[in-house]
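The tour begins at a turn.

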Amino acid sequence: MEQTLKITNVLSDPTRYYIYQYITKRHQEVTVQEVADNFNIHPNVARLHLSKLEDVNMLSSETKKTGKGGRPSRLYRLSEGLIQLHFPYRDYMLLSRVAIQTMLSLGEEGKNALYLTGKRFGVEVIEQELVKKQQAGVELDFEQKLSILKSAATLAGFDPEFEINEKQTKIYFQIFNCPFKEVAADHSEAVCSMHHEFLKGMFEALFESAELIEHGNIANGCDTCSYQALVTN
């Protein structure tokens, strides 16, 4: 409870909250000066905000030379630790581990059920976005589908980035945040395969056909989960 109060107190400051959001979207380390410049505040104020975020383990930092000469800079990045706030307390992480281990105890049949369920939930995430945007049952062009895909991936907590080829047949995208990271640490093959099916469900709910090719995986030590999707609109 004490840690929860500390976190809510730190995030109650609007500037501090937006600084955290800014770092989340940067996908790389930031300096005190960069934060000061972007938020039009004095570097000392920026340093105070960053320090308070680090105090509650939302950020971590280290001193590095930037290659520009002069003194080393303090670089801040998102913490690897998981922060959960529940009122009253709920242990959904434990529930996730129980569910995964139960499915795996059933052998291949359990794995297949896990993957099929993951794919179905991927479809449901897209369907929820279609209803929200009042586009269910409407013929969509490529840009509209891509917009829905981006919105759904963000809603799912993937913190994604997308690139498209000129012919609009290939979608390159990266996931900077894995919502299943802690569970995947103990069951990487099963969880990552389920995640792959989840993503396939998202693409297949929007496009006539979609082939998903994985290029990088956070569970294997990569900075991001990266994919190439071959799609037919």
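Select Gln168. In the hairpin of β4 and β5, with 5 residues between the strands, Gln168 takes a positive phi near 60 degrees. This is a predicted model: local features need pLDDT of at least 70, side-chain atom pairs count only at pLDDT 80 or more, and totals for chains, interfaces and linings use all residues. Residues are numbered from 1 along each chain as its sequence is written, and side-chain values use heavy atoms, with hydrogens and water left out.

Now select both strands, residues 160-164 for β4 and 170-175 for β5. They run antiparallel and are joined by 5 bridges. Pairing here requires at least two DSSP bridges between two strands. Strands are DSSP runs of E, at least two residues, and helices are runs of H or I, at least four, both numbered from the N terminus. Pick Pro160: the bridge partner of Pro160 in β5 is Ile175.

Colour the lining by element. α7 (142-155), β4, β5 and α9 (188-204) each supply at least two residues. α9 gives the most, with 3 residues. By class, the lining has 10 nonpolar, no polar and no charged residues. Nonpolar covers Ala, Val, Leu, Ile, Met, Phe, Trp, Tyr, Cys and Pro; charged covers Asp, Glu, Lys and Arg; the others, Gly among them, are polar.

Next, go to helix α3, residues 32-39. Its buried residues (under 20% relative accessible area, 1.4 Å probe, protein chains only) are Val32, Glu34, Val35 and Ala36. They pack against α2 (14-26), β1 (30-31), α4 (43-55) and β3 (73-78), with contact meaning heavy atoms within 4.5 Å. Step just past α3 to Asn40, which takes a positive phi of about 55 degrees.

Finally, zoom out. An automatic or database domain assignment divides the chain into domain 1 (1-78) and domain 2 (106-232). Their C-alpha centres lie 30 Å apart. The chain has 9 helices and 7 strands. Of its 233 residues, 35% count as buried.

Terms used:
Buried means under 20% relative accessible area, exposed over 50%, partly exposed in between (1.4 Å probe, protein chains only).
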